[in-house]
Amino acid sequence: MDALVSAALEEVCARLSHGIPVPELWPALRGALGAAGLPLDPAVKRVLWARLLALPVISLVEGDGDGSPLAPGDPAEKDLEVAERRGVRLVASEALRGNFLGMYDQRFAKTKLSPVQKGTLELVGASRTSGVTQNELCETFSMKGNNFHFIVKSLASQRLIVRQSTIIKVKDNGADGEEASRNKHIINTNSIYLSRYAKDMNMNSHQRIEITKPELLGTNEETNIDALQEAGDFGVNFKNDISVHDYLPAMEAICAKLDNASGKALVVSDIKVDLDYRMAYGHRAWRNVLHRLRDAQLVEEFDAKVDDKIEDAITPDPRSIFYQTNRSRSHKVVEL
């Protein structure tokens, strides 16, 4: 039962200051009930209800109106069916919501979070494992990307959030096939998660989240934060196609070819043909992989002379484990 109480507290905290209506709590706990081997019957509900109300960090508020706390002795406190019928909401204390967001030391900090920082953290927390993209948060708070960058950087430096590289592909609904590929909008951003949820993602630095949206959201679209809290509607829209692209196999394939190559160097055009980096999509994929290989100090580029022509070529970076020589990076033409 303790694990079930913990799961219920997480559900309540994730709904922020608005809380969660009692009828919505039970469907949200189906996974936890299944793991505990308990049925979702009236007896289990009543026991859990009593355990939650016994906690000083949980309060009951009216389902409608301004969210006023229930009067002492209100029948809904003891009668679960009355609470469900009236749509009474469970609300976590501010301190407990702060702990849920990872703000354990904020009360002792020299500086407090700004309203935008606090609002960002709440939206990210409410999204839980879905995460929220950085560009969506920019739109929510009507801030330019370069200004909002410092909000995210500050939260990340305090280890409250974790950023994961993300690309959003927005399809033109009026096109299909090859035309749809050409008309696709590309947005480079980050998906942001609370640290407590990011640790279970098991993603490495060579993986990237890719989100394909059916259409581009208008930049003038207004977002009502209170409405989002009330609906619990945070994170990536369920209509989006979400996948994780792992660059590590492609990087390993290129390093393997270099390791087996004569002279430990290869012309880029030959690698692209051998590894099937063709057409516009293949060339973009190649640039992404090459960028990551350079950042990881695994390869370096140079100009090679092949049959009296200058070609782009790559070789293992002198600092990498693949190539432990004293060769320094040079812009001189090397003949292959």
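1. Aromatic pairs first: the count comes to three, taking rings of Phe, Tyr and Trp (its six-membered ring) with centres within 6.5 Å, where planes under 30 degrees apart are stacked, over 60 edge-to-face and the rest tilted. Phe100 and Tyr197 have ring centres 6.4 Å apart and planes at 70°, so they go down as edge-to-face. This pair links distant parts of the chain, 97 residues apart, with Phe100 in helix H7 (residues 94-100) and Tyr197 in helix H12 (residues 195-198).

2. Keep in mind that this is a predicted model: local features need pLDDT of at least 70, side-chain atom pairs count only at pLDDT 80 or more, and totals for chains, interfaces and linings use all residues. Residues are numbered from 1 along each chain as its sequence is written, and side-chain values use heavy atoms, with hydrogens and water left out.

3. Phe100 counts as buried at 5% relative accessibility, and Tyr197 does at 10% (buried is under 20% relative accessible area, exposed over 50%, partly exposed in between; 1.4 Å probe, protein chains only). Phe141 and Phe148 make a stacked pair, because their planes are at 15° and their centres 6.2 Å apart. Both Phe141 and Phe148 are buried.

4. Tyr197 has a charge over its ring too: the charged end of Arg196 sits 5.5 Å from the ring centre (the rule wants NZ of Lys or CZ of Arg within 6 Å of the centre and within 35 degrees of the ring normal).

5. On to H16, where Gly282, Trp286, Val289, Leu290, Arg292 and Leu293 are buried. The face turned away from the buried side of H16 carries exposed Tyr281, Arg287 and Asp295.

Conventions
Helices (H or I, at least four residues) and strands (E, at least two) are DSSP runs, numbered from the N terminus.
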